[in-house]
Amino acid sequence: MLKKKNKVRVKSYSKWINLFDTEVEEYGRNLSKTNLKWLKNNYDDTYLAQLQVVDVRVEKLGFDYALVDGQHRKELILFRNVNASEILIQVMVIPYETYQERALRYTNLNTKRKNLTWVDAFKGRVHAKEEKALEVIEILNNWDIDLVGVSDGGKYKMTSGSIAERLGGWNVGKKEHNKLKYNPLEWNINIIFNAWESEEEREKALHNRMLSGLHKFRRTYKLFIDPDYLSGKLGMEDVGEMISRIDYWRKNGDVSRPIFEVYNKGLRGSKKLTLVC
């Protein structure tokens, strides 16, 4: 008889638990009404793959298991069993992990799926304390800006999160010779807030087109730019029209051209920038 050798045991395991003992933590994504509606209209047990939870009983949080995969399925089960006082369900249990590890697990599990939005993924990265995500949040907090779906409590609302992450975390992880001597997101916000005074105009200007245009303009013309002069000239422009012009030029090869034209208007001699194509 052959002896069994090299037996291993994976650390996760299946277990029957009470659904009411699970909780979605802050890194969890916002519920998609579209996904939930589809599940409700097409309810079938075969669509409900096992939920994945992390055993957090040691933290005494008021619930036993942190749900890291299956938030919409949980809501569907609760919807279909609205009067139940206990709902037994078989789940995949992962032994205890710290909050940061749970946030990272959630992000890794869900980023592979097409229906995970940038906001959902970024929120997970923030709670997982990824350096680039924390850098972006710190900059936005300093300017009293909320990233919609991720943070709240600030004076200004911003929805252009993906470019904010790219610009705000520009220097993170780069070798010294590839780093910029400034933070692109910080520089852009400073220009915008000095250009326009009203909350409405500032929020409108925190747009991915404006941020892209300013970034390209700064990278192209570098130290030839006078930031105060740039803000003063931009402040004379209508924000909406400016964004429309940037969008037009984005499709025609130079996202920074409208900013270049505004900057150069009225300048003469050596102060006038030379167009770089």
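Guide: A polar contact is a pair of N or O atoms within 3.5 Å; within protein, one must be able to donate a hydrogen and the other to accept it, and residues adjacent in sequence count only if both atoms are side-chain atoms. The model is predicted: local features need pLDDT of at least 70, side-chain atom pairs count only at pLDDT 80 or more, and totals for chains, interfaces and linings use all residues. Residues are numbered from 1 along each chain as its sequence is written, and side-chain values use heavy atoms, leaving out hydrogens and water.

Visitor: Which residue's backbone oxygen lies 3.5 Å from a polar atom of the side chain of Ser 160?

Guide: Contact means heavy atoms within 4.5 Å. Beyond its neighbours within four places in sequence, Ser 160 is in contact with Leu 206, His 207, Asn 208 and Leu 211. The Ser 160 side chain reaches the backbone nitrogen of Asn 208 at 2.9 Å. The backbone oxygen at 3.5 Å is that of Leu 206.

Visitor: Is Ser 160 buried or exposed?

Guide: Buried means under 20% relative accessible area, exposed over 50%, partly exposed in between (1.4 Å probe, protein chains only). Ser 160 has a relative accessible area of 11%, so Ser 160 is buried.

Visitor: What separates the C-alpha atoms of Ala 121 and Tyr 106?

Guide: Ala 121 is buried, at 5% relative accessible area. Tyr 106 is 15 residues from Ala 121 along the chain, and their C-alpha atoms are separated by 8.8 Å.

Visitor: What percentage of the residues in the protein is buried?

Guide: The protein has 277 residues. Buried residues make up 43%.
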